[in-house]
Amino acid sequence: MIRNYLVIAFRNLMRNSFYSFINIGGLAIGLACSILIMLWVWDEISYDRFHKNGDRLGQLYIHNRFSDNISTSEAVPLGPYEFLKTYDARIKNTCVAYWPYNPLLTAGENKVRQLGRLASPEFLEMFQFPLVKGEATKVLDDPKSIVITESLAMALFSSKDPMGQFIKLDNDLELKVTGILKDLPKNSSFDFKFLASWAIYGEGWAKNRKDDWDDESFPVFVELQPGATFDGVNEALKNLSNEKRKSDASQLFILPLADWRLNSHFKNGIQTGGMNEWVSSFSIIAAFILVIACINFMNLATARSQHRAREVGVRKTVGSGRKELILQFLGESVIIATLAFIVSILLVELSLPLYNHLIGKHLSIPYKWPGAWLLALVIILVTGTLAGSYPAFFLSSFNPVNVLKGKIITGRGATTPRKVLVSLQFFFSICLIFGTLVVYRQIQHVKERATGYDRENLMVVQSNDELNKNFDAVKQELIASGIATQVTSSSSPITDIYGNNTLDWPGKPNDFSILFSRVHTGYDYAKTMGIKVAEGRDFSEAFKTDSSAMLLNQAAVNVMGVQNPIGLPINLWGRKWHVVGVLNDVVMASPFREVQPGFFILDNADRSIITLRLAKTEDVNASIKKMESVFKKLNPSYPFEYQFVDDQFAKKFEAINFIGTLGSVFSFLAILITCLGLFGLATFSAAQRTKEIGIRKVMGATTYSIVRLLSAEFTRLVLIGFLFAAPLAWWAMDNYLTRYTYRTTIAWWTMPFTGLIALLLTLAIVSTQAWRAASANPSQNLRSE
């Protein structure tokens, strides 16, 4: 019997090759899209899951309250690092791994810049990155030690054993290789090629700030004892920061490792999500696409039911029960789903290189994982059952007597479910089109935001000790030679913030605690960046007292609530500073958020970035070559490397550009699947009404009136789908925009425009088939009559 069912199934596929192609093609595209999305989803939810003790690892965060607002940051004071080890018995260990940076690493003649971290000895005991050589408990004990990955070892030492060899860090410190790490997994929140001992700073950060509870500039990590809970420990930490600071405006807490990737966003002190929102959104899109593909199958199967009606009648007459018929038709749909799944795997393999390039990952189908095959079987069965359920029950319900007499349900009762399904397809498609348009408008809105500085011809060069010593000579030669018009230095680039601090000033409320961004600068900072001075003045060599001078941005003045900031005394690090100027707000951190209150101090010691503005020229490459010669002369130990600020700024949009592009691609494919099914349905509908069209033409109907008649039904279905989709899609995207402080509004025309796109696509497909049917010679259509 099973063999008989298989023969019938394949015979029907071959006999109706056009509709089989549409069914299998639509399902295959739908399955391929869903598989690609779920590969990305799986990669996202698997982040950091390779740590065996991952359920007990977390990072210390801090809430700071000012007025009615609460800001949240992963940059905390260094004080808790040692203090927490003995503060609560539920805390097993703590460590520090300072923010990533890319110094020059030299081994013999080999020189490379690579991303690394300065870590305390406990880091590799807590985070179990596999060591190829060395012991996790000892590799970072020596202040002059360094641990490198296998790929970095190959780059610096080739096939030579790197253990015990020496690497120079920024042509200064000579560090001994004490361990070799396997290259980090791609789905790790950490990204580094080496770990150097935190202790290399000696009398610097590692010692001088170990008891500091104010300078919020450090990443501190925590490991709990087995059986301890984050909620319990966080309750104990609730008042610790206030006790140390003698205020009630801040609160420390631990964010579990499982939340770093997916739930690390906070708004006013409340955890609001993170990548999990996109994971959920794309999971829904995957479901939408698969449902749309399944609806195509249902519609075509039920529309063509009369071609299988006599078969059902005969089978029932010779004794087949409804159960057997349902199983037969479900089996046929599972066969189609199997064929579609095989085609979808081919499509996925063909598109993976481009897809990986688009999303910046290295995804692949895990053929060696047994769970993947089980999941494939589940997908085939679920898709086949979902797609074939309605046709199976519909076809098996035919009355054999009526069917064999030629009486098949063709009235409203037979077409209503199909109309509902078509409207549902348009509902999903309209939601996806509208969502894509809103995301695109949000991206463009933020890109067009005024940044507060001039990015044109602005370049960044990473500094070092040698370059800092020769900075004045570099600046003078670049300007004198006409290469640059302005040159300055700072502790961070204009597109980022590397430091944060709290400040004290006269009249500051006791319960007021806010984190100010901190930038150490040289002279001419505002002038070079093109930042306007709102009040007072910029730093100037004409004023000897500027060594204790401070600039505030407008956001800082607003939150401090001071009316006359010029001359205001500020207490920072136990020193007295005075405000000499107020700068207009500059978008340095996320362009999607409000500008953070910040201050600028004149400091020649902590400057790791040189920023210069190229003189306007038609030959930028020639200017860069001249600049390279200047840097090589005054900084010969380091390779010349630079970045345009425009490129750095563009990187801030990589994540949302990726989301927007990915959403647009899958929305397009969802619409393509809808159009594919609509094409098949329109073709079949026109074929079914061939004789009706012939009679109407004989009676005088014009081709236009017939096209309008055939298109009207599908137009109504689009409008129904639009009416249901409009309020839901509007609500969902309006809610999506609330995650951004700086956001666009949904223009009134966006939803009508979305509906118009859906309508025009429908009319283009349906009217083409209708025109073809209406243009046929009626004598040919009515010949059998």
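The model is predicted: local features need pLDDT of at least 70, side-chain atom pairs count only at pLDDT 80 or more, and totals for chains, interfaces and linings use all residues. Residues are numbered from 1 along each chain as its sequence is written, and side-chain values use heavy atoms, without hydrogens and water.

Entry on salt bridges. I searched the whole structure and noted 19 salt bridges (a side-chain nitrogen of Lys or Arg within 4 Å of a carboxyl oxygen of Asp or Glu). Lys 361 and Glu 44 form one at 3.0 Å, N to O. This pair links distant parts of the chain, 317 residues apart. Both residues are buried. I also noted that Asp 43, Glu 44, Arg 261 and Lys 361 are linked in a network of salt bridges.

A further salt bridge joins Glu 82 to Lys 85 at 3.5 Å, N to O. Glu 82 is partly exposed at 38% relative accessible area, and Lys 85 is partly exposed at 23%.

Entry on cores. I looked up the largest nonpolar core, which has 106 residues (buried Ala, Val, Leu, Ile, Met, Phe, Trp, Tyr and Cys joined through side-chain atoms within 4.5 Å). Among the members that touch the most others are Trp 40, Phe 282 and Ile 531. Apart from this core lies another, of 39 residues, including Val 76 and Phe 194.

Key: Buried means under 20% relative accessible area, exposed over 50%, partly exposed in between (1.4 Å probe, protein chains only). Helices (H or I, at least four residues) and strands (E, at least two) are DSSP runs, numbered from the N terminus.
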